Amino acid sequence: ILEEGLIGGVAWSPRRTQGVMFKASPLLKIGKTNFIYDITNVFNWKDYMNNYFSDGMFNIPRNDTIHVWELNFEHNYVEIHEAEDFKTPENVYTFPFVNVNRYNPFYIQMPLQIKCSNGDTLTVNRTFFIDTGMSWDIAIKYPAEELDFFNKREDAVWTRFINKYHRHYTVNATAFDDFKMDSLRIYTFDYEDNVHSKYLIGLNFLKRFNVFFDMKNRQLGLQPI
């Protein structure tokens, strides 16, 4: 079952492109585990995302309470554990998922203290969306209050993204009150789009940890590498 002539895209931009939607998707096997996804969209992903580094993407099923998904960046693999027998490893920071968006459960409350190269500091204690499809560290989007702090800075690096531009700033930071990070990049977006959160954690931030998505216990685990 397919719908041809689909005008599709991503929430990061109002730009849309032609594609095809399959409403009876094929079985997807990840490792030894089978999954069925309700919908598959097919369009020119690399062209749409300005030669994005991947060929496509799939999501962790938001209602999967049978498995714990481990993104092991220490050894570069994905493992899907049976939730019934899973034991959280030692030295893991755990964060309960916050009920913000019923369509996507991956929100956590995270305190983040930022220190810029000139000594200016900013504390961000917000509800962040965990976006594993976003390649950056941290994104702060319009109309977040913190944008005023970054707009006054002169060390921004401007980069083209899809059909607009964004800025990033390299800072030192402390997360979860005691986890220190250097060379953290904060990306700021000064325009409206359809992304459903003003504060996002991306893949480059997560790569400092082994990451555990536990939907059965509704929590995220971060094990520092």
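Trainee: Which strand gives the largest share of the lining of the largest cavity?

Mentor: Strand 17 does, with three residues. Before we go on, this is a predicted model, where local features need pLDDT of at least 70 and side-chain atom pairs count only at pLDDT 80 or more, while totals for chains, interfaces and linings use all residues. Residues are numbered from 1 along each chain as its sequence is written, and side-chain values use heavy atoms, with hydrogens and water left out.

Trainee: What makes this space a cavity, and how many are there of 30 Å³ or more?

Mentor: On a 1 Å grid over the protein atoms alone, a cavity is a set of points where a 1.4 Å probe fits but cannot get out. The count is one of 30 Å³ or more, and the largest cavity has a volume of about 40 Å³, taken as the space filled by probe spheres set on the points, which are joined across faces, edges and corners.

Trainee: Which residues line the largest cavity, and how do they divide by class?

Mentor: Lining residues have an atom within 4 Å of a point; here they are Phe-86, Thr-88, Phe-212, Asp-214, Gln-219, Leu-220 and Gly-221. Three are nonpolar, three polar and one charged. Asp counts as charged and Phe and Leu as nonpolar, while Gly is among the polar ones. Strand 16 (209-214) and strand 17 each supply at least two of the lining residues.

Trainee: How do you know that strand 16 and strand 17 pair?

Mentor: Strands are DSSP runs of E, at least two residues long, numbered from the N terminus (helices are runs of H or I, at least four). Two strands pair if DSSP finds at least two bridges between them. Strands 16 and 17 have six, in the antiparallel sense, so they pass that rule. One of the bridges joins Phe-209 to Pro-224 in strand 17. The two strands form a hairpin with four residues between them, and Arg-218 in the turn has a positive phi of about 50°.

Trainee: Which strands make up the open sheet, and what makes strand 7 and strand 8 its edges?

Mentor: The order is 7-6-16-17-8, with antiparallel pairing. Strand 7 (77-82) and strand 8 (93-96) each pair on one side only. The twist averages 15° from one strand to the next, with axes fitted to C-alpha atoms and angles between N-to-C directions running from 0 to 180 degrees. Strand 8 pairs with strand 17 (residues 219-224) over four, and Thr-94 has Gly-221 as its bridge partner.

Trainee: Why is Glu-146 called buried?

Mentor: Buried means under 20% relative accessible area (exposed is over 50%, partly exposed in between, with a 1.4 Å probe and protein chains only). Glu-146 has 7%, so it is buried. Glu-146 sits in the loop between strand 11 (138-141) and helix 2 (147-151). In strand 16, six of six residues are buried: Phe-209, Val-211 and Phe-213 point one way, and Asn-210, Phe-212 and Asp-214 the other.

Trainee: What makes the link between Glu-146 and Tyr-199 a polar contact?

Mentor: The pair must be N or O atoms within 3.5 Å, one able to donate a hydrogen and the other to accept it; residues adjacent in sequence count only if both atoms are side-chain atoms. The side chains of Glu-146 and Tyr-199 are joined at 2.6 Å, and those of Asp-178 and Tyr-93 at 2.9 Å. Asp-178 lies in the loop between strand 13 (164-175) and strand 14 (179-189).

Technical notes
On a 1 Å grid over the protein atoms alone, a cavity is a set of points where a 1.4 Å probe fits but cannot get out, and a pocket is an open set with protein on both sides within 12 Å along at least five of seven lines; lining residues have an atom within 4 Å of a point.
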